[in-house]
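Please keep the viewer open as you read.

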Amino acid sequence: MGGARARLRGSLWGHRNFRLFLLGFAASKTGSQVTLLALPLVAALELHASPFHLGAITAVETGAMLIAGLPAGVWVDKVRRLPLLVRTDMLRCVVIASLPVAAAVDRLTLAQLYLAAAITGAATVVSDIASQSFLPGLLPRDRLIAGNGAVATVQSSAEVVGPAIGGGLVQVMGAPLTLLADAISYLVSAVLLLGIRFREAAGTPAADHSLGRDIVKGVRFVFGHPLLRVIAITTGLSNLFTAFLLAVQIAFWTQVLRLSPMEIGLVLSASAVGGLAGALLAQRLAGRFGQVPLILLSVATTSPFAVLWPLSFGPPAPYVFALGLAVVWFGAVVYNVAQLTFRQLVCPDELLGRMNATMRFVALGVMPVGALVGGALASAWGPRSALWVCAAGFLSLPPLLLLSPLRSRANRSEEHTPVSPGTPPDAPAAQDPEHGEARPT
């Protein structure tokens with residue numbers, strides 16, 4: 001037991017259950033990044049889909065995530081989360097594997113692609129909510145920031161290498177067979193998760209089984225909590241302006257800066273590299289500044305770099321724009337690691353699923369609005385003027401946080417500890433059967 005504790009205080013790689021969880025997460029996320037490239041290529045190359053149909057595939061996937069998000073939070077709170085993670089992996093494996101099989105027998109249709117996008121989108125949002133809700137039980141409280149940092153590192157790494165792997169596989173194998181690699185990645189993830197030895201507490205269904213009331217309970221918890229409410233609003237606005245940027249930047253690069261495809265690829269890689277650096281440094285920065293101060297600092301010190309986007313002129317423009325992307329994405333990932341850990345710690349276990357679902361619903365729900373507004377303003381005023389509006393949006397985030405209750409919370413040293421309804425404040429924490437470490441109930 002003492003050796004296990006020493007390993008936990010050093011590297012999380014010595015925690016067998018977390019190691020399996022992280023390897024499974026890495027497998028599924030890398031495969032998902034491959035599919036982001038391969039799925040539209042299947043539609044374009046195999047079915048000669050129009051731009052409208054390509055956009056519709058993305059819309060169907062996003063819509064499924066939004067529709068499934070809040071009910072998924074209720075589900076996650078009512079069942080054991082580890083078996084749910086395995087089932088969502090297996091479902092996505094079967095659905096994605098059906099596409100190359102259908103293509104091989106010349107039976108693949110756009111309707112099947114739409115259905116696959118909807119099912120995998122819904123399964124992914126359930127899996128993501130379950131993962132965020134499972135981790136606080138798997139790790140001791142004082143290792144949660146390290147765990148979230150490791151997960152963010154894997155996510156950022158997948159975003160860097162996944163598209164490159166996907167492009168190479170499509171070049172060598174063709175788009176349909178490349179989807180088979182993603183299906184295999186989900187199978188690998190499920191097998192790794194099945195190896196986790198962890199006595200997870202069963203879900204605690206409430207006496208009132210109304211789905212609507214259960215959803216409302218989670219929404220009320222988030223927006224009734226003064227600190228979580230600020231985090232939800234800040235995250236929603238950040239995603240709104242991020243979607244705005246994504247809708248405008250391609251037009252700016254091609255129409256205003258006249259960048260080549262290679263230059264555009266290099267500029268895009270800057271954001272992924274910045275995000276990866278943020279994930280790698282998040283734990284160290286939290287140890288240096290404190291978790292809640294880091295939420296404020298990550299936004300306050302990096303959001304101003306958004307002004308570099310509309311200030312990109314002349315030959316240095318690609319480098320100036322890339323620097324803005326890298327710094328803002330660095331801050332975004334550090335912020336996400338810090339705020340995710342904070343909200344996991346302040347939320348009772350029986351509400352983790354609904355809390356995470358509410359946060360994701362806010363984050364995803366505003367993105368179509370941001371994209372539509374960004375595209376409309378770029379068409380009406382020009383891409384550079386639209387980027388000035390986008391930069392102003394990012395500049396509004398630091399004052400929002402600095403004038404919120406989070407600032408006063410940052411000046412206090414004590415932690416918020418969630419107390420489940422009916423649990424005495426001094427109740428002992430449950431024990432991790434493998435390591436004997438205390439973990440939150």
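This is a predicted model: local features need pLDDT of at least 70, side-chain atom pairs count only at pLDDT 80 or more; totals for chains, interfaces and linings use all residues.

Let us begin with the two pairs side by side.

| Helix pair | Angle | Axes | Crossing |
|---|---|---|---|
| H4 (residues 81–104) and H5 (residues 110–138) | roughly 160 degrees | within 9 Å | left-handed |
| H9 (residues 226–256) and H12 (residues 317–346) | about 155 degrees | 12 Å apart | left-handed |

Helices H4 and H5 cross at roughly 160 degrees, and they are therefore roughly antiparallel to each other. Sorted by class, the residues in the contact of H4 with H5 are 15 nonpolar, eight polar and two charged.

Turning to the other pair, H9 and H12 pack at about 155 degrees, which means that H9 is roughly antiparallel to H12. On the H9 side, the residues that meet H12 include Leu227, Ile231, Leu245, Phe252 and Trp253. Their partners in H12 include Phe321, Trp329, Tyr335, Phe342 and Arg343. The contact of H9 with H12 comprises twelve nonpolar, five polar and one charged residues.

Now for the serine. Where does serine 185 lie? Serine 185 belongs to helix H7, which spans residues 175–194. With a relative accessibility of 9%, serine 185 counts as buried, because the cut-off is under 20%. Its side chain reaches the backbone oxygen of alanine 27 at 3.4 Å. Setting aside neighbours within four places in sequence, serine 185 is in contact with Ala27, Ser28 and Gly31.

How values were computed. Residues are numbered from 1 along each chain as its sequence is written. Side-chain values use heavy atoms; hydrogens and water are left out. Helices (H or I, at least four residues) and strands (E, at least two) are DSSP runs, numbered from the N terminus. Buried means under 20% relative accessible area, exposed over 50%, partly exposed in between (1.4 Å probe, protein chains only). A polar contact is a pair of N or O atoms within 3.5 Å; within protein, one must be able to donate a hydrogen and the other to accept it, and residues adjacent in sequence count only if both atoms are side-chain atoms. Contact means heavy atoms within 4.5 Å. Axes are lines fitted to C-alpha atoms, for helices over the stretch in contact, and angles run from 0 to 180 degrees between N-to-C directions. Angles under 35 degrees count as roughly parallel, over 145 as roughly antiparallel, 65 to 115 as roughly perpendicular and the rest as oblique. A crossing is left-handed if the near helix is turned anticlockwise from the far one by less than a right angle, and right-handed if clockwise. Ala, Val, Leu, Ile, Met, Phe, Trp, Tyr, Cys and Pro count as nonpolar, Asp, Glu, Lys and Arg as charged, and the others, Gly among them, as polar.
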